[in-house]
Amino acid sequence: MSTASAYMTIRGIGIDVIYKDIKNLHIGVYPPMGRVRVAAPERLNDDAVRLAVIQRLPWINRQREQLRAADRQSVREMVTGESHFVWGARYRLKVVERPGRATIAVDGRKLLLGMPPDTSAQRRRDILERWHREQLRAAIPDLIAKWEPTVGRTVPAWTIRRMKTKWGSCNRETGRLWLNLELAKKHPDSLEYVVVHEMTHLVEPTHGERFTALMDKFMPDWRSRRDALNAAPLASEQWGDLGSAGNE
Ligand SMILES: [Zn+2]
C-alpha cells in the first residue's frame with residue numbers, strides 16, 4: 001500500500017502529515033529547526049488531524065522552544081578535540097598554530113585548522129564557515145546542471161545563506177534558489193534533495209499532490225533523503241487517545 005501525505009500550516013507552523021496503516025497518531029518535532037511531522041492513521045482525514053495537532057500545540061511549542069534554546073547554546077569554541085561535521089561525516093578538529101594564512105584541510109578523520117597563534121574563536125568560526133561555504137559552492141553547479149533537464153526548469157542564479165527555519169527557498173519568477181549553509185554539514189544526498197525540492201517548486205509552488213507526484217517522478221527516494229536530513233527527533237510522543245478529534 002502506498003502512503004498518502006499532506007502538508008498543512010497551523011498557527012504559522014508548517015506540518016508534514018503522512019497517513020499510514022497505524023493505530024495511533026504520532027507527532028514528532030525535529031531538530032535543528034523544529035520541523036513537525038505527524039504520522040496519522042489512515043482512518044483520519046485532514047480536518048481530524050488538524051484538530052488533533054491544535055490540541056497538542058502547547059506541547060509542540062515547548063519542544064520547538066527547547067530546540068531553539070539548544071541551537072543558541074551550540075556556539076563552538078573551535079579548539080582541538082571538538083567534533084565538526086562535513087558532508088555528513090564527523091571529524092575531530094585539530095588546531096595547528098603557525099604563522100601565515102589560515103587554512104582548513106581534511107586529514108583522515110581529522111579536520112586540520114592551521115592558523116596564527118591568538119586567532120580568536122570568532123575568527124576561527126568565520127574561517128570554518130567560509131570553508132563550508134566553499135564546499136557547497138563547489139558542489140552546487142554540477143547538481144543544478146544535472147537536474148535541470150529532469151525538472152525542465154533552469155536555475156540562472158543561486159545563493160548560499162544562513163537560514164534559521166528553512167533548508168532552502170526559491171523565487172519562482174526569477175528561478176533563483178537559496179540554500180542553507182548548514183547543508184555543507186549534511187550528507188551530499190541531502191543537498192541534492194533540497195536542490196531538487198526547490199527546483200520542483202519552480203514547477204509547482206505548493207506542497208500539494210502535484211508537488212508530491214513530481215518529486216516521486218524526479219527523485220523516488222526523496223522521502224528517505226528528507227528523513228535523513230531531519231535526523232532523529234529531539235522529542236516525539238505517541239497519542240493514543242484522539243478524543244473528540246477522532247473523525248472517521
Ligand atoms: Zn517546499
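I began with a definition: the expected span of a helix is 1.5 Å times one less than its number of residues. Helices (H or I, at least four residues) and strands (E, at least two) are DSSP runs, numbered from the N terminus. The model is predicted, so that local features need pLDDT of at least 70 and side-chain atom pairs count only at pLDDT 80 or more, while totals for chains, interfaces and linings use all residues. Residues are numbered from 1 along each chain as its sequence is written, and side-chain values use heavy atoms, with hydrogens and water left out.

**Entry 1: helix α4**

I looked up α4 and found that it has 14 residues and reaches 20 Å from its first C-alpha to its last, close to the 20 Å expected at 1.5 Å a residue. How many of the residues of α4 are buried? Twelve of the 14 are, and α4 is mostly covered, where buried means under 20% relative accessible area, exposed over 50%, and partly exposed in between (1.4 Å probe, protein chains only). The buried residues include Y193, H197, E198 and H201. I then asked what the buried residues of α4 pack against, and the list is α3, β10 (168-171), β11, α5 and α6.

**Entry 2: the zinc ion**

Which residues coordinate the zinc ion? I found H197, H201 and H207, each through NE2, at 2.0 to 2.1 Å. Donors are N, O and S atoms within 2.8 Å of the metal (3.2 Å for Na, K and Ca), and because water is not among the atoms, sites may look incomplete. Along the sequence I read the spacing of the donor residues as H-x3-H-x5-H. H201 counts as buried, at 8% relative accessibility, whereas H207 is partly exposed, at 30% relative accessible area.

**Entry 3: the nonpolar cores**

I next looked for nonpolar cores, each a set of buried Ala, Val, Leu, Ile, Met, Phe, Trp, Tyr and Cys residues joined through side-chain atoms within 4.5 Å. The largest core has 30 residues, of which L136, L183 and V195 touch the most other members. Two or more residues of this core come from each of α3 (121-151), β11 (176-180), α4 (188-201), α5 (209-218) and α6 (222-229). For L183 I listed the contacts (heavy atoms within 4.5 Å), and, leaving aside neighbours within four places in sequence, L183 is in contact with W87, L136, W167, S190, L191, V194 and L229. Another core lies apart from this one and has 22 residues, among them L44, A48, A52 and L57.

**Entry 4: salt bridges**

A search of the whole structure gave me twelve salt bridges, each a side-chain nitrogen of Lys or Arg within 4 Å of a carboxyl oxygen of Asp or Glu. In one of them, D227 pairs with R37, with the closest N and O atoms 3.0 Å apart. This pair links distant parts of the chain, since D227 is in helix α6 and R37 is in strand β4 (residues 35-41), 190 residues apart. D227 counts as partly exposed at 31% relative accessibility, while R37 counts as buried at 14%.

I also looked at R225, which is buried at 13% relative accessible area. R225 forms a salt bridge with D221 (2.9 Å, N to O) and another with D189 (3.9 Å, N to O). R225 lies in helix α6 and D189 in helix α4, so the latter pair ties together parts that are 36 residues apart in sequence. D189 is partly exposed at 34%, and D221 is partly exposed at 36%. Finally, I noted that salt bridges that share partners join K146, D189, E192, D221 and R225 into one network.
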